[in-house]
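Please keep the sequence and the structure in view while reading.

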Amino acid sequence: MRSSVPTAAIPIVDLLIDIVGKDGVLHDADELAVYECDGFPVARGLPTAVAFPRTTEQVQRCVLAAVSQGMPIIPRGSGTGLAGGATAYGEGLILCTSRMDAIESIDTANRIAVVQPGVRNTALSEAVRATSGGERLHFSPDPSSQRASTVGGNAATNAGGINTLKHGVTTNHILGIEIVTGEGHIVRSGGAPLYDRVGPDLPGLICGSEGTLGIITKLWCKLVPRPESFRTVYAVFNSTLDCCKTVSDTIATGIIPTSMEVMDGAMIRVVEDAFAYGFPTDAQALLLIEIDGIESTLDTQMAHIVHIARDNHAMDVQQCSDPKRRAELWSARKRAFGAIGRISTGYCTQDACVPRSQLPQVMAHVMALGEQFGVKITNVFHAGDGNIHPILLFDEDDPEQVQNILQLSEAILSHCIDVGGTLTGEHGVGVEKLHLMARMFNTQTLDTFGRLKQAFDPDARFNDGKLIPSPRVSIELLKPISRNTPGGAS
């Protein structure tokens, strides 16, 4: 049981209660334990307090209160991040936007929705569909956590999802943005009443900045037509390499599917054991490809894809246009991560992007690294844009296994960088991959990142030591978490 610090001993708590009310502040140690990590449990740290503002003005006042107390600020959405970006180290105020969940307006004529950052992805599309004139529109970004993840959090990490290949990542669907900076200023770009961007692309800069430049308080989201015609191709293979080659060969023909998703043999068996979709458990890889567009063109494209899969030695290829079976197939993909609990008490989902042409070789190397480190790896990933997600299975209560997983992760990510890829495709850098930023970027580029942060956050209040290397905060995940302290201590 963690002991609670008296409110009177924490001046920031009284200031926050005056702003958001008593029910909008957590400071008891037991309550704070819920917020000691996000979806990357290796990185843990207790904040001093958690505040739940409901308006931009409350966010601004909370920021100014933290500034008055010299307290770091950690933005957080629904906590589904997978890189430790919402973890507090030492003292710190977590500003959680999950209660900022209002959809302020839906303009179907101009295809724009104005939302607070705590709106969930699926909630936005459901609200659009229920609006007159919005029946055929939706908000396209669709990360696997879309029922829980928020639009603000997705923008902060520039999240992707199954539709990324054809329809783009979150930044491609954000037309305007409002943030509160480290000095408490409210800055807006690309918002109402005009939806044209004037000047530098501030929304593009904020998307993917992982809460280091400020906290997002409002977004203008692009609504796009909901595809009405689909075809789904389901193919299984004896070899993951053949499966990955099918991905590259399909793109090489000029066909751009909406989605190209891969599950390896271990994941097929986990999902089949859990949900009984009828997948062959002796297969080594399963590929789901979906195309959408003009009805008259889809059958020809689907025939090309089927031919490519068969040329790459697919054991079985099925063509699907039945909405019910299509829903089942994509449900299997969406539920894959939840099924992993059947085979492991803990897991770390890695995230990197590599050139599609390198997919077969990279996946072979990843599995070889797993054998080298003695770690079981299963895979489910967005193959179309080369966004791999090796899932490393381990016991998070065993410190030796934790360190082994971190070292294996570094080896995987380093290899992805070496073959021309990136150290993150959609999960962000957070603290997990911070030490690899110098491997990917030269000193001059990192210095430029630092100057950008200083322009928005001159006193380094927001998420210091995340994404951008900091001279003030040093995080070493390979040491006990109690050693991860601000100020460069080790």
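In which helix is the place of Thr-122? Thr-122 is in helix H4, which covers residues 121-129. Helices (H or I, at least four residues) and strands (E, at least two) are DSSP runs, numbered from the N terminus.

The model is predicted: local features need pLDDT of at least 70, side-chain atom pairs count only at pLDDT 80 or more, and totals for chains, interfaces and linings use all residues. Residues are numbered from 1 along each chain as its sequence is written, and side-chain values use heavy atoms, with hydrogens and water left out.

**The chain as a whole**

The protein chain contains 16 helices and 20 strands. Along the principal axes, its C-alpha trace spans about 70 × 55 × 45 Å. A compact globule of 490 residues would have a radius of gyration near 23 Å, and the value of 23 Å for the protein chain agrees with this. The radius of gyration is taken over C-alpha atoms, and the globule rule is 2.2 Å times the number of residues to the power 0.38.

Of the 490 residues, 54% are buried. Buried means under 20% relative accessible area, exposed means over 50%, and partly exposed lies in between (1.4 Å probe, protein chains only). The protein chain exposes about 19,800 Å², of which carbon and sulfur atoms supply 50%. These accessible areas come from the Shrake-Rupley method with a 1.4 Å probe; for residues, only the protein chains shown count as cover.

Contact means heavy atoms within 4.5 Å. Among contacts in the protein chain with a separation of 6 or more, 71% join residues 24 or more positions apart.

**Spaces within the structure**

Rolling a probe the size of a water molecule over the atoms shows where empty space is left. On a 1 Å grid over the protein atoms alone, a cavity is a set of points where a 1.4 Å probe fits but cannot get out, whereas a pocket is an open set with protein on both sides within 12 Å along at least five of seven lines; lining residues have an atom within 4 Å of a point. Grid points are joined across faces, edges and corners, and a volume is the space filled by probe spheres set on the points.

The structure holds 1 cavity of 30 Å³ or more. The largest cavity contains about 30 Å³ of space, and the residues lining it include Gly-161, Met-260, His-382 and Ala-383. Helix H6 (164-167) and strand E13 (259-264) are the elements that give two or more residues to this lining.

The second largest pocket contains about 510 Å³ of space. It is lined by 23 residues, and those closest to its centre are Cys-207, Gly-208, Ser-209, Glu-210 and Leu-467. Helix H15 (437-440) and helix H16 (443-456) are the elements that give two or more residues to the lining of this pocket.

The table sets out both linings by residue class.

**Individual residues**

Ala-383, one of the residues lining the largest cavity, is found in the loop between strand E18 (377-382) and strand E19 (387-388). Ala-383 is buried, with a relative accessible area of 0%. Its C-alpha atom is separated by 6.2 Å from that of Val-262, 121 residues away along the chain. Leaving aside neighbours within four places in sequence, Ala-383 is in contact with Val-247, Met-260, Val-262, Arg-356 and Leu-359.

Thr-122 counts as buried at 12% relative accessibility. Apart from neighbours within four places in sequence, Thr-122 is in contact with Gln-146 and Arg-147.

His-427 lies in the loop between helix H14 (399-418) and H15, and is buried, with a relative accessible area of 13%. Not counting residues up to four places away in sequence, His-427 touches several residues, including Leu-82, Thr-157, Asp-351 and His-389.

Asn-463 is in the segment after H16. Although Asn-463 is not a glycine, it has a positive phi of about 50 degrees; Asn-463 is buried, with a relative accessible area of 3%. Leu-467 is in the segment after H16, and has a positive phi near 65 degrees in a residue other than glycine. Leu-467 counts as buried at 11% relative accessibility.
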